[in-house]
Amino acid sequence: MAQDVSILDFGSGKITVLIGRRGVNNTLCISGMGECDYAGFMDGEFLEPDQLLYVIGHAVANAETNSRTKIKHLYIGVPGEFTTAECREGNLSIGKKRKITDDDIDALHGMGNRYKNHPDYSLINSQGVYYTLDDDKRLIQPVGLSSGKIGGLISYILAENGFIKFVDGIMKSLGIESYDYISSLLAQTLFLFDDKVRDRFVVMIDCGYITTNVVVARGDGILAQYNIPLGGGHISGYLATFFKISFSQGEALKRKVVLSLNVGEEDRYQISANRSDTVDFSAQEANEIVAYGVKKIADTVAKCLKECPYDYPDYIPYHLTGGGLSYIKGARELFSKHLIKPVEIVAPSIPQFNRPHLSASLGMLDMALSLQPPEEKKGFWARLFGR
């Protein structure tokens, strides 16, 4: 019988807890879901840390109620804001030519693990960008192949100890004793793109409510990641400030905007002011403000990618996910124009859950379901969690 697993996703504006299992044809079946809005995080800190215990507890309780199960083990996604990626090359001689095993992969990963007892970071994931054998040909999966040596480029995902210590305290207060930390960006990347796409490099832009993450990945690993303190919520704020309205009205107005429309001075967008009244705004001015916000995010993304030390092919498209820009009509086209690159919106290919803002949560659930208890699959577990 398929077993349920549970994940906790720290979105930039919402906490999500999912409980689910594998369905037929390796699909995901959600049995419980709990969500709760919160202030989010910025510049490496939670904006309202005192509220986190209540928010997480509320999301956990709702998911347990919906699924009619009690969470026994929780996989906690560490947001990109609190992680960093480092890549190291390694080479391991194994003597006489023989088949490569999981233990060999673990040993190779262990050679580059310099983060034990690190004062600032803890290793939560390590993945191979590529591996090499005797012929030095690059490949993604070397287990079972024969060679006298193994090498490769290994990506190590590190989480800030401050984040882990803080969340550890919340788990203790909630009575959740069994949990592990995983990289939400890594889970998202592995989930959204298949092996063939990742082997050709991936550039993923996850634009959320108040933060945006930029990932350059290849194989099973992240080469570089960048965190930007900008998101869809900032665009709502720009509208609220310009029109002197509440933030919630700015958010409602943003959802009305269609950037692809050639609006004139007389065109208006209309939103509800209360249950009976409406208020309208200049469509031309609203479009200009939203376009400014899109350009600001695009310019910052371009600056980050310019600093990336890894060369990737010019022909690959950029992939946009998350809820910050994906739902603004015409934003993708404008984003693409400013980046001078084709931009494609990517979302989970799961019926009823094929929404960009669910990419991280479902990616984490998919990764959690791919794991087995360490005594059953020690090599993979050790490689994934750096243990």
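**Task.** Find helix α3 (residues 161–174): which strands does this helix lie across, and at what angle does it run to β11?

**Solution.** Before we dig in, this is a predicted model: local features need pLDDT of at least 70, side-chain atom pairs count only at pLDDT 80 or more, and totals for chains, interfaces and linings use all residues. Residues are numbered from 1 along each chain as its sequence is written, and side-chain values use heavy atoms, leaving out hydrogens and water.

- Start with the labels: helices (H or I, at least four residues) and strands (E, at least two) are DSSP runs, numbered from the N terminus.
- Now the angle: axes are lines fitted to C-alpha atoms, for helices over the stretch in contact (heavy atoms within 4.5 Å), and angles run from 0 to 180 degrees between N-to-C directions.
- Helix α3 lies across β1 (5–10), β6 and β11, and runs at about 145° to β11.
- Another helix, α4 (residues 184–192), packs on the sheet too, touching β3, β6 and β11, with its direction at about 65° to that of β11.

**Task.** In what order do the five strands of this open sheet sit, and which are the edge strands?

**Solution.** Two strands count as paired if DSSP finds at least two bridges between them.

- Walking across the sheet gives β3-β2-β1-β6-β11, with mixed pairing.
- The edges are β3 (28–37) and β11 (179–183), each pairing on one side only.
- From one strand to the next, the twist averages 25°.
- Zoom in on β6 (residues 74–78): five bridges link this strand to β11 in the parallel sense.
- There, leucine 74 sits opposite tyrosine 179 of β11.

**Task.** Is helix α4 mostly covered or uncovered?

**Solution.** We'll call a residue buried under 20% relative accessible area, exposed over 50%, and partly exposed in between (1.4 Å probe, protein chains only).

- Eight of the nine α4 residues are buried, so by that cut-off the helix is mostly covered.
- Among the buried ones are Leu185, Leu186, Phe191 and Leu192.

**Task.** Look at strand β15 (residues 268–272): which residues make up its covered face?

**Solution.** Take the strand first, then its partner.

- Tyr269 and Ile271 form the covered face, while Arg268, Gln270 and Ser272 are on the uncovered one.
- β15 runs antiparallel to β16 (residues 278–282), joined by five bridges.
- Together β15 and β16 make a hairpin, with five residues between them.
- Glutamine 270 stands opposite aspartate 280 in β16.

**Task.** Which side chain meets that of aspartate 280 in a salt bridge?

**Solution.** A salt bridge here is a side-chain nitrogen of Lys or Arg within 4 Å of a carboxyl oxygen of Asp or Glu.

- The partner is arginine 268, at 3.6 Å from N to O.
- Since aspartate 280 lies in β16 and arginine 268 in β15, the pair ties together parts 12 residues apart in sequence.
- Aspartate 280 is partly exposed at 36% relative accessible area, and arginine 268 is partly exposed at 45%.

**Task.** Where do lysine 295 and aspartate 299 lie, and how many residues apart are they?

**Solution.** Think about the turns of a helix.

- An α-helix has 3.6 residues a turn, so residues three or four places apart point the same way.
- Both residues are in helix α8 (residues 283–306), four residues apart, or about one turn of the helix.
- For the whole structure, the count is 14 salt bridges.
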